[in-house]
Amino acid sequence: MSVWAVLVAAGRGERLGEDRPKAFVRLGDLPLLAEPLRRLDESDWIDAIVVVAPPEWEEPAILLAEELGASKVSSCVTGGETRTASVRAGLAEVPEDAAVVLVHDAARPVLPDQVVQRVIGALGEGYGGAVPALPLTDTVKRVRDGVVTETLARDELVAVQTPQGFVAPVLRAALHGDGPDCASLVEANGGRVRVVEGDERLLKVTTRADLERVARWL
């Protein structure tokens, strides 16, 4: 079974206050992109990787892959205006005979290999997609115009992470329109998506505080 990873690294990262895209902000001695790229390349579950880079940052991404010795990187493509457009660009580089595609956000650099294993394992159970998630610990309320309209049942809610894994034809068929993540598009297209155990270390880097927290884990 051929498993391809699309590593989405095209985000701007404006809230970090840097003069470069988020994936190229320093995390330790290397750009943030280096950590998830290295982990995907070293995973026994992954056969090949497509990197989706910000416009004009394709060459630095390729040079970084070479510096890391990331031999599984097949290509590096330019991202789009939206996350979905970036995933489409990456998926276009995945061969038609690929069985499974994992989509991972470079903004979640600390990727435990056990999560990759759980996501791929769920696809073997007959689901079209699988996503890692964590249960919510805070009470969640729906608000309109600053007024609470509903308190949601917390035991039915989870916070979804990446990598999100899909049977390749299922993902290809769903990637039209736009959505908050790939799983939402697969769901809208009638696909069944399984939730597996996520990991607290899969923190999405959005702010400087997030970056500092991730750096302490490495």
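A polar contact here is a pair of N or O atoms within 3.5 Å; within protein, one must be able to donate a hydrogen and the other to accept it, and residues adjacent in sequence count only if both atoms are side-chain atoms. The model is predicted, so local features need pLDDT of at least 70 and side-chain atom pairs count only at pLDDT 80 or more, while totals for chains, interfaces and linings use all residues. Residues are numbered from 1 along each chain as its sequence is written, and side-chain values use heavy atoms, with hydrogens and water left out.

View 1. Ser43 sits in the loop between α1 and β4 (helices are H or I runs of at least four residues and strands are E runs of at least two, both from DSSP and numbered from the N terminus). A polar side-chain atom of Ser43 is 3.1 Å from the backbone nitrogen of Trp45, and the side chains of Ser43 and Asp113 make a polar contact of 2.6 Å. Setting aside residues up to four places away in sequence, Ser43 touches Lys72, Asp113 and Val116 (contact: heavy atoms within 4.5 Å). Ser43 is buried, at 2% relative accessible area (buried is under 20%, exposed over 50%, partly exposed in between, with a 1.4 Å probe and protein chains only).

**View 2. The largest nonpolar core.** This core holds 32 residues, and Leu33, Ile46 and Ile49 have the most contacts inside it (a nonpolar core is a set of buried Ala, Val, Leu, Ile, Met, Phe, Trp, Tyr and Cys residues joined through side-chain atoms within 4.5 Å). Elements giving two or more residues include β1 (3–8), β4 (48–53) and α4 (113–123); the largest share, six residues, comes from α4. Beyond its neighbours within four places in sequence, Ile49 is in contact with residues including Ala5, Leu7, Leu37, Leu40 and Val73. Another core, of 24 residues, lies apart from this one, with Trp4, Val87, Val94 and Ala183 among them.

View 3. Strands β8 (residues 141–144) and β9 (residues 147–151) run antiparallel and are joined by four bridges (strands pair if DSSP finds at least two bridges between them). Lys141 has Thr151 in β9 as its bridge partner. Two residues lie between the strands, and Asp145 takes a positive phi near 55 degrees.

View 4. Zero disulfides turn up in a search of the whole structure (a disulfide is a pair of cysteine sulfur atoms within 2.5 Å). Cys182 has its closest cysteine sulfur in Cys76, 18 Å away, so the two are too far apart for a bond. Cys76 is buried at 18% relative accessible area, and Cys182 is buried at 2%.
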